[in-house]
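Have the sequence and the 3D view ready.

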Amino acid sequence: MWVWGLFIALVVVFLALDLGVFHKNEHVIKSKEAGIWTAIWVSVALGFSGVIYWLFSSGMVENPTGLTPNNAVLKYITGYLIELSLSIDNVFVIAVIFSAFKIPPIYQHRVLFWGILGAIVFRGLMIVFGVALITKFEWIIYVFGVFLLYTAFKMLKSDDSDFNPKNSWIFRQVKKLFPITGTLHGHDFFVKRMGVNAATPLFMALVVIELTDVLFALDSIPAILAITADPFIVFSSNILAILGLRSMYFLISRMLEKFRFINYSLVVILAFVGLKMLFSHQVELPEWVSLTVISVSLLAGIVASLLIPSKEEDPD
């Protein structure tokens, strides 16, 4: 358990440095700064694969699925890429939420910071229960597989432009619990009005983002469990992908219209891992196949988005 303790302590240190040192003074995150931080977080996550190799080669972490060090590294990188790619869809929704609640760019990092703290706790619990279910009930893998295929189909047919956070069930339930102010009060989540604590739009955006992330985790956790049921690999790859989500948001949220084919990449990835789960007892794919399918799908969506002009663009 000391390995888990050290990893969680490392995450806490990262978050403390982020809010207490690097972003102590609130400011608008520019694309250049977001690009640097995205590169840092991706480098940290990929560099952690060396730690994974060391832990599994030295036997310093529990290895319930009997992975070799090389296989552990491949599964970690594959799981990280799955989580990172599925986080892109999260970015689209976060942008809509910020727009709906009129959250200025200067306060968006603060909302995402506290949102990620909650996401770490919720995803940790979901991973523990997901691994326990697969370990105890082997047939549950088929349920996860069908669910991922359904999610892929729903994503293919959905239209994100129709999503309005203020019409969502989540917003209506929170509105019953707290009075809500119509305007922002600096970076405060609550403000006292006539002796009563009222939630600001900043808090409402945080709650909707938090609960929306739980819904996204219902897709991403089964997706990574299709790659491995090793709890430490699932947890570490998931958390490191989440840590990079804030900088990635500020990097690509300004280019949402350019990445219009990414949705199809996510559909392919979800469908692939869903089928992998359904046929896991009949066909055992090498890890490099999963890694290749996920990488090529993501790259193809990005390249297609950049090269194929949209209908609104002038061909000249």
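How many aromatic pairs does the structure hold? The structure holds 13 of them.

## About the model

This is a predicted model, where local features need pLDDT of at least 70 and side-chain atom pairs count only at pLDDT 80 or more, while totals for chains, interfaces and linings use all residues. Residues are numbered from 1 along each chain as its sequence is written, and side-chain values use heavy atoms, leaving out hydrogens and water.

## Aromatic pairs

Rings of Phe, Tyr and Trp (its six-membered ring) pair if their centres lie within 6.5 Å; planes under 30 degrees apart are stacked, over 60 edge-to-face, and the rest tilted. The Trp4 and Phe235 rings sit 5.5 Å apart at their centres with planes at 35 degrees, so this pair is tilted. Trp4 belongs to helix α1 and Phe235 to helix α8, 231 residues apart. (Helices are DSSP runs of H or I, at least four residues, numbered from the N terminus.)

Is Phe235 buried or exposed? Its relative accessibility is 9%, so Phe235 counts as buried, whereas Trp4, at 22%, is partly exposed. Buried means under 20% relative accessible area, exposed over 50%, and partly exposed in between (1.4 Å probe, protein chains only).

Phe98 and Tyr249 make an edge-to-face pair, 5.6 Å centre to centre with 65 degrees between the planes. Phe98 is in helix α3 and Tyr249 in helix α9, so the pair ties together parts 151 residues apart in sequence. Phe98 is buried at 3% relative accessibility, and Tyr249 is buried at 4%.

Methods:
Helix = DSSP H or I, 4+ residues; strand = E, 2+ residues; numbered from the N terminus.
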